[in-house]
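Here are my notebook entries from a first look through this structure. I kept each one brief and wrote down what I looked up.

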Amino acid sequence: MSYLDGVSLAIISTIGFGATAVLAQSGMQYVKPTSITIISLVVGSILVFIVAFIVELDQVNSISIVALLFILLNAVLSYPIGRLFNFISVKYAGASRASSVIGIAPLITTGLAVWLTGEKLTIIILTGSLLILLGIFLILTDMSSVKTDNKLDANN
Amino acid sequence: MRTIKNNLLNRVSSRISAQFDNRLIGITAALISALGYGSGAIVSKHVITNYTGPVTATAFSLLFGAILVFALFYKDLMFDFRSSPSKAWIPVIFTGISASIGVTFWFLSMVKLPLVMSAPIVGAYPLVSIILAWVFIRRLDRITWKTLSGALLVITGITLISIG
């Protein structure tokens, strides 16, 4: 039962991540990627703080300064860089292409883990990396168009 | 006649060039984003392994992210508040809700499932984006077999990396 619960939770997460790019592209007909990033982070932090107060109240209350500094570093990498460029890519490449390319983030995590912590590369990881690169090449050479001529383009 | 033909050719070639530029900007931005998310995950893993719980770390990270991005781009937000219709903010708010559902449920699933199970399931989210884009925003985002094949290859690659 617990296993099925875990799968269900993972599927809900997949739908949440998958819908984000599509909703962002829909919002970008009127609103800039920077504004969408700000609002999505404000809404997200309110919701996740509510969940944190429910499931990890002790940890929220006892968080250390060192942890906060590491979290700040994570925030710099994940939001002004990760999420903002995510939404910029949705605007210019479209939700489907942007999501597919951003999906390579685990490859970067693995690469950094190999480089920084000396983890070993296996044949399976190398094969996976090659498939990802081939996938990106296909997406990059796709000549179909993305509609970006919206209100913002008219203003800028 | 020749001038008309030249004008037409110029227009077509500049349009193709603009489309290619847009796509290149988009893919470059996506790669920078992946770099941000990918390196952020290393720091994130260090924090949740050594210092605090995953949901707490995510909550504070989102809060810091909101403060940082607001400090950098609040003028854009003010401009959009003044100039955009109120209906434009509905998908924007839902973007935040869906992204936080994604992050929170991913962490919750990791409590019940090993990473080798949860990572490939969650890693399949580009397929969900493609399906939803095809259903709801076909007008904005044209989906081709090439994009679909590329997404499938990326997801297979991510699954292999998660297992390996």
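**Entry 1: one crossing in chain A**

Which hand does the crossing of H4(A) and H5(A) have, left or right? I found that the crossing is right-handed. The rule I used calls a crossing left-handed if the near helix is turned anticlockwise from the far one by less than a right angle, and right-handed if clockwise.

Residues are numbered from 1 along each chain as its sequence is written, chains are lettered from A and ligands numbered from 1 in the order in which they are written, and side-chain values use heavy atoms, with hydrogens and water left out.

The helices are DSSP runs (H or I, at least four residues; strands are E, at least two), numbered from the N terminus. H4(A) covers residues 65–93 and H5(A) covers residues 95–102. I noted that their axes come within 7 Å and cross at roughly 140°. Axes are lines fitted to C-alpha atoms, for helices over the stretch in contact, and angles run from 0 to 180 degrees between N-to-C directions. H4(A) and H5(A) are therefore oblique to each other. In this scheme, angles under 35 degrees are roughly parallel, over 145 roughly antiparallel, 65 to 115 roughly perpendicular, and the rest oblique.

Next I looked up who touches whom, with contact meaning heavy atoms within 4.5 Å. A:Asn86, A:Ser89, A:Val90 and A:Ala93 of H4(A) meet A:Ala95, A:Arg97, A:Ala98 and A:Ile102 of H5(A). The residues of this contact divide into 5 nonpolar, 2 polar and 1 charged. Here Ala, Val, Leu, Ile, Met, Phe, Trp, Tyr, Cys and Pro count as nonpolar, Asp, Glu, Lys and Arg as charged, and the others, Gly among them, as polar.

**Entry 2: across to chain B**

I then followed H4(A) to H2(B), residues 54–83, and found axes within 8 Å that cross at roughly 55°. That makes H4(A) oblique to H2(B). H4(A) passes H2(B) in a right-handed crossing. The residues of their contact divide into 15 nonpolar, 3 polar and 1 charged.

H2(B) also packs with H2(A), at an angle of about 155° and with the axes 7 Å apart. That makes H2(A) roughly antiparallel to H2(B). The crossing of H2(A) with H2(B) is left-handed, and the contact residues divide into 21 nonpolar, 8 polar and 2 charged.

**Entry 3: how confident is the predictor?**

I checked pLDDT, the predictor's confidence in each residue, from 0 to 100. Chain A has a mean of 82, with 87% of its residues at 70 or more. Among its elements, H2(A), residues 33–55, has the highest mean (93), and H8(A), residues 151–155, the lowest (41). Over residues 149–156 of chain A, pLDDT stays under 50. Where pLDDT is low, the predicted coordinates should not be read in detail.

Chain B also averages 82, and 85% of the residues score at least 70. For the complex, the predictor gives an ipTM of 0.79 and a pTM of 0.78.

Definitions and conventions
This is a predicted model: local features need pLDDT of at least 70, side-chain atom pairs count only at pLDDT 80 or more; totals for chains, interfaces and linings use all residues.
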